[in-house]
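Hi,

Here is the structure I promised to pass on. Could you have a look at it alongside my notes below?

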Amino acid sequence: MQGTFEERRYLIPFRSSLLPQIFTDVLVVGAGVAGARAAIEAGAAGADVIVLAKDSIRQTNTAYAQGGIAGVLRDDDSIDAHFKDTLAAGAGLCDEPAVRLVVEQGPARIRELLEWGMQFDRDGSGELCVGREGGHRAFRVYHAFGDATGRELERCLFEKLMSTDNVRYFDECFALDLITPSDEVGAPVLGAITYHARFGLQMIWARTTILASGGAGQLYRETTNPKPATADGLAMAYRAGATVADMAFVQFHPTTLYLPGAGRSLISEAVRGEGAYLLDESENRFMLHEHEMAELAPRDVVARSIVRQLARQGGRHVWLDCRHIQGFASRFPGITAELKRFELDPSKDLIPVHPAAHYMIGGVRCDLEGKTDVPGLLVAGEVASTGLHGANRLASNSLLEGLVFGKITGAAAAETAAANGNRSGPVAVVSDIRPSDHGEIDLADVRSSLRSAMWRNVGIERAGGKLADAVEMLKFWARYTLDKIFDEPFGWETQNMLVVGSLVARSAAWREESRGAHTRVEYEGPVERFRVHDLRCRGEAEPRTLRVETEELV
Ligand SMILES: Cc1cc2nc3c(=O)[nH]c(=O)nc-3n(C[C@H](O)[C@H](O)[C@H](O)COP(=O)(O)OP(=O)(O)OC[C@H]3O[C@@H](n4cnc5c(N)ncnc54)[C@H](O)[C@@H]3O)c2cc1C
């Protein structure tokens, strides 16, 4: 990475000894599916746990999830089939051991949710309802309240979390940076420096820190993600010396509601799973000519097909046709209510849809225990790169991954706490930042320009020239933004977005092939020499690569 992005180890100046000190065994940053599941596990195993979240549990990617959780619970499905579907979507970049682990442990995690009182949808005879989504060749997606799976999952996990011994929950507490005793890459993480509007800056010292800070959708002008998804965890981990992997890979969801002035609400893949059609301006099903699975092709295929269809026909959206789906309103009550706000009735009207940034596939590289290459730092959920998703995430696999890796990292952190007698810290950490002599730049403008540039230049279809432009633009804005000292989250988030936006753009420029969610217009398909993870670490000018070993022929 370029110097501008490397200069700061911390976002703000501080002296640890002058701040309030808090001690815990396990610090979990994030209270979505991954963080909550990790904290439940660690607390239940006897570790002292602090969970922090910068915003309400209703504003997590988890709470926004609609479609469901994928898992093999039926006799007419198999672990092997789920494994193969995941590999097929991942387009040659999945790490097979990670895929095996998640699909094998997934069913137990879903059954556990049933025991904890999660209200999955059931049919008249009390059997669990099961849906199908793009890329799945079997019905294996379990959902709740029709299209409110994430909300019900957060409710269930949060109630469980609050009744778990040894857990403290810090609401609206913003993690600025992970603390290391020195600035050297490889120095262990000892906790985090945090900010709370009422309590100000605090040092939280922990034996193990689990980063479960979610995604990065706000990097893009068009996104399904809620406002807090500003890539803080990725930026924090990068500054702390952790390796990030496969940052080029961002999944774009094909179908978000496209109405000028309205937010980009998701129209779940499950709607296409129930038989909805995508229509062009002449009301023809164009996906029939694009892929054998038509509307249920993997997301990257559908998103690209929509972009190309729009290039052919002009305009800003295609149509989603649900008029023939029986019982739409009871299966998708949330979507029906959202459409009603705009006077759209899915039983009568065509719905205007357009793709939007949805899921950050790249992340902080970790092993099968969620361990990063920085001692003391584990990762779980969307912020992590476990190798499960490869070059493209299979629908409904991410809640599953959060559950599986949440439990694994929580258990590992509790084990460290039990094995290690002394609590970490306090260590004297000093962050000295010289005042900048660069001019001022409007922060809101930077954020909005960054999001537009990412959408236009680092979006669904990418080209070398535009990617190079994006890299330069981000560098320019960074020069006038990363040198400043802010005292509230909007500034810190924007700084984090610049760091991570640059990682995404640079990785996309480096990857001269089209694979999974990453499409380069100059390159027709995958190139064998790029069947590697690209790994980036602070202080390294060029990415390292790690060959992906594949035994399965997909
Ligand atoms: C609209 C939508 C629909 C989706 N549908 C599905 C689906 O049907 N099935 C599926 O499997 N996946 C779905 N996904 C993806 C899935 O929801 C996410 O990948 C998953 O929930 C991520 O969980 P997480 O715990 O990693 O992060 P999140 O749930 O996003 O939680 C992140 C947590 O980190 C906290 N945080 C972030 N930064 C900081 C900071 N600096 N300081 C303190 N706290 C911080 C946040 O406040 C939050 O508590 C969907 C995503 C969206 C947006």
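A word on terms before the pockets: on a 1 Å grid over the protein atoms alone, a pocket is an open set of points with protein on both sides within 12 Å along at least five of seven lines, a cavity is a set where a 1.4 Å probe fits but cannot get out, and lining residues have an atom within 4 Å of a point. This is a predicted model, with local features needing pLDDT of at least 70 and side-chain atom pairs counting only at pLDDT 80 or more, while totals for chains, interfaces and linings use all residues. Numbering runs from 1 along each chain as its sequence is written, and side-chain values use heavy atoms, with hydrogens and water left out.

The second largest pocket has 33 lining residues, and Ala88, Ala91, Asp300, Gly516 and Pro526 lie nearest its centre. Helix 4 (79-90), helix 9 (299-313) and strand 21 (519-520) each give two or more residues to this lining; helices (H or I, at least four residues) and strands (E, at least two) are DSSP runs numbered from the N terminus. The pocket holds about 610 Å³ of space, a volume being the space filled by probe spheres set on grid points joined across faces, edges and corners. Because domain 1 (16-249 + 361-419) and domain 2 (254-355) both contribute to the lining, the second largest pocket lies between them; the bounds come from an automatic or database domain assignment.

As for cavities, there are 5 of 30 Å³ or more. The largest cavity has about 70 Å³ of space and 13 lining residues, with Ile361, Ser385, Gly387, His389 and Gly390 nearest its centre.

Now the sheets, where two strands pair if DSSP finds at least two bridges between them. Strand 11 (residues 244-245) pairs antiparallel with strand 16 (residues 363-365) over 2 bridges, and Ala245 stands opposite Gly363.

The other open sheet I looked at has 4 strands in the order 12-15-14-13, with antiparallel pairing. Strand 12 (250-257) and strand 13 (277-279) are the edge strands, pairing on one side only. Within this sheet, strand 14 (residues 318-321) and strand 15 (residues 351-360) share 3 bridges, and Trp319 stands opposite Pro352.

Best wishes
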